[in-house]
Amino acid sequence: GAVVGAAPPLIGWAAAGGSLWGPNDAAHAAALAAADFGTPAAALAAELAATPAEPYLLAGALYLWQFPHFFALAWVHKTDYARGGYAMV
């Protein structure tokens, strides 16, 4: 499915040593930990701002690509599917 097809960038990013939540390096993490944000919501917002966008953008692009890709292939091969007894969308 689309979610499983979009997971590899997240898995690869985490396996390569990147963080999927919060800062990627120790210096940035220490600065966030030492800062006084006043409220838990402000601290959460700062941590979210330090979260890398790249793995989520790649996963989102792959997720959104799954549907037009599937429908285009289904349209091109609809006669083959019909001969095999499969009804495609």
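Author: Between two axes, angles under 35 degrees count as roughly parallel, over 145 as roughly antiparallel, 65 to 115 as roughly perpendicular, and the rest as oblique. The structure above is a predicted model, in which local features need pLDDT of at least 70 and side-chain atom pairs count only at pLDDT 80 or more, while totals for chains, interfaces and linings use all residues. Residues are numbered from 1 along each chain as its sequence is written, and side-chain values use heavy atoms, with hydrogens and water left out.

Reader: Why are helix 1 and helix 4 called roughly antiparallel to each other?

Author: The axes of helix 1 (residues 2–15) and helix 4 (residues 54–76) cross at roughly 160° and come within 8 Å, the axes being lines fitted to C-alpha atoms over the stretch in contact, with angles from 0 to 180 degrees between N-to-C directions. Since that angle of roughly 160° is over 145, helix 1 and helix 4 are therefore roughly antiparallel. Their crossing is also right-handed, a term for a near helix turned clockwise from the far one by less than a right angle.

Reader: What makes up the contact of helix 1 with helix 4, by class?

Author: On the helix 1 side A2, V3, G5, A6, P9, L10 and W13 take part, and they meet E54, P55, Y56, L58, A59, L62, Y63, Q66 and F67 in helix 4, where contact means heavy atoms within 4.5 Å. By class, this contact has 13 nonpolar, 2 polar and 1 charged residues.

Reader: How do you know that P9 counts as buried?

Author: P9, which is found in helix 1, has 16% relative accessibility and so counts as buried, because buried means under 20% relative accessible area, with exposed over 50% and partly exposed in between (1.4 Å probe, protein chains only). Leaving aside residues up to four places away in sequence, P9 touches P55, L58, A59 and L62.

Reader: Why is A53 called partly exposed, and what makes A50 buried?

Author: Both belong to the loop between helix 3 and helix 4. A53 has a relative accessible area of 43% and is therefore partly exposed, whereas A50 has 15% and is therefore buried. A50 touches G22, P23, H28 and L32, not counting residues up to four places away in sequence, and its C-alpha atom is 41 Å from that of V89, 39 residues apart in sequence. A53 and L20 are 33 residues apart in sequence, with 8.7 Å between their C-alpha atoms.

Reader: How do you know that F71 counts as partly exposed?

Author: F71, whose place is in helix 4, has 40% relative accessibility and so counts as partly exposed. From C-alpha to C-alpha, F71 and V89 are 7.6 Å apart in space, and they are 18 residues apart in sequence.

Reader: What makes the protein more spread out than a compact globule?

Author: The protein has 5 helices and 0 strands, helices being DSSP runs (H or I, at least four residues) and strands likewise (E, at least two), numbered from the N terminus. Its radius of gyration is 21 Å, well over the 12 Å that the globule rule gives for 89 residues, so the protein is more spread out than a compact globule; the radius is taken over C-alpha atoms, and the rule is 2.2 Å times the number of residues to the power 0.38. Along the principal axes the C-alpha trace spans about 65 × 25 × 15 Å, and buried residues make up 16% of the 89 residues.

Conventions
Nonpolar A, V, L, I, M, F, W, Y, C, P; charged D, E, K, R; others polar.
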